[in-house]
Structures are given as structure tokens and as C-alpha cells.
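Subject: Structure handover

Hi,

Here is the structure I promised to pass on. Have a look at it first, then read my notes below.

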Amino acid sequence: FHSVDDTMATQHGDNNEILSKLSRAKLELIQKYEANLQHGLNTQQAAQKRVHVNEVDPPIKCPAWICCLLPCIQHLPQQKLFRQ
């Protein structure tokens, strides 16, 4: 297993000055996604590496009368502690 610095130096030899200014987290992301430092990923590469589609879960189905209880629940001592 190569370190992030070693891998980046071999893949991006001419960009050592840029690499030295990047944080370790950014270097790890570049290595993880095998991105080109100068050009990033093209559309096809990005689509292949995308794991999850940015979707919102559907709302929970619950009876309408529960909506009347929600304001009361928000003022319970446990909820006040939770928000702190």
C-alpha cells in the first residue's frame, strides 16, 4: 500500500507545487476517485464513480391527528434537553 503522497507524486509529477498546497483530505479524495489534478473527472468517469443518487426519502405515512401532537411533543422537557 502506497502512501497518498507517494501515489500523488508519481501520478502528478509536474504538479508537485500544487500538491504541496493541498490538504491531506483533498489528496485522499483525488487518490480515492482517481481524478486528474488538472482536469478532474470527465462526465463518464463521474457517472461510473457515483454510488448514490441524491434523493430524498419519501415522507413517513402517519395519521393526521399526530400532527396535532407534534407542537406538544416539542415542548416536553426531554425535547428541550435534546435541542440543547
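A quick definition before the notes: a nonpolar patch is made of residues with over 30% relative accessible area and no salt bridge, where nonpolar side chains are joined within 5 Å. Keep in mind, too, that this is a predicted model.

W65, L69, L70, I73 and L76 together make a nonpolar patch of about 460 Å². W65 sits in helix 5, which covers residues 65–74. Is W65 buried or exposed? W65 is exposed, because its relative accessible area is 55% and exposed means over 50%.

Now the overall picture. Of its 84 residues, 12% are buried. The chain exposes about 7700 Å², and carbon and sulfur atoms supply 58% of that area. If you take the contacts with a separation of 6 or more, 16% of them are between residues 24 or more positions apart.

How far can you trust it? The mean pLDDT of the protein chain is 76, with 82% of the residues at 70 or more. Confidence is lowest in helix 1 (residues 4–11), where the mean is 50. Helix 3 is where confidence is highest, with a mean of 86.

Side chains of opposite charge can pair when their charged atoms come close. How many salt bridges does the structure hold? There is one, and it joins E28 to R24, with the closest N and O atoms 3.8 Å apart. That counts because the cut-off for a salt bridge is 4 Å. The two residues are four apart in helix 3 (residues 24–32), so about one helical turn separates E28 from R24. Both ends are partly exposed: E28 has 39% relative accessibility, and R24 has 44%.

Last, the cysteines. A disulfide is a covalent bond between the sulfur atoms of two cysteines. The structure holds zero disulfides. C72, for one, is in no disulfide, and the nearest cysteine sulfur, that of C68, is 8.6 Å away. The pair would have to be within 2.5 Å to count as a disulfide. Another cysteine, C62, is partly exposed, at 45% relative accessibility.

Cheers

Notes. Residues are numbered from 1 along each chain as its sequence is written. This is a predicted model: local features need pLDDT of at least 70, side-chain atom pairs count only at pLDDT 80 or more; totals for chains, interfaces and linings use all residues. Side-chain values use heavy atoms; hydrogens and water are left out. Patches are made of residues with over 30% relative accessible area and no salt bridge: like charges are joined within 9 Å, nonpolar side chains (Val, Leu, Ile, Met, Phe, Trp, Tyr) within 5 Å. Accessible areas come from the Shrake-Rupley method with a 1.4 Å probe; for residues, only the protein chains shown count as cover. A salt bridge is a side-chain nitrogen of Lys or Arg within 4 Å of a carboxyl oxygen of Asp or Glu. Buried means under 20% relative accessible area, exposed over 50%, partly exposed in between (1.4 Å probe, protein chains only). pLDDT is the predictor's confidence in each residue, from 0 to 100. Contact means heavy atoms within 4.5 Å.
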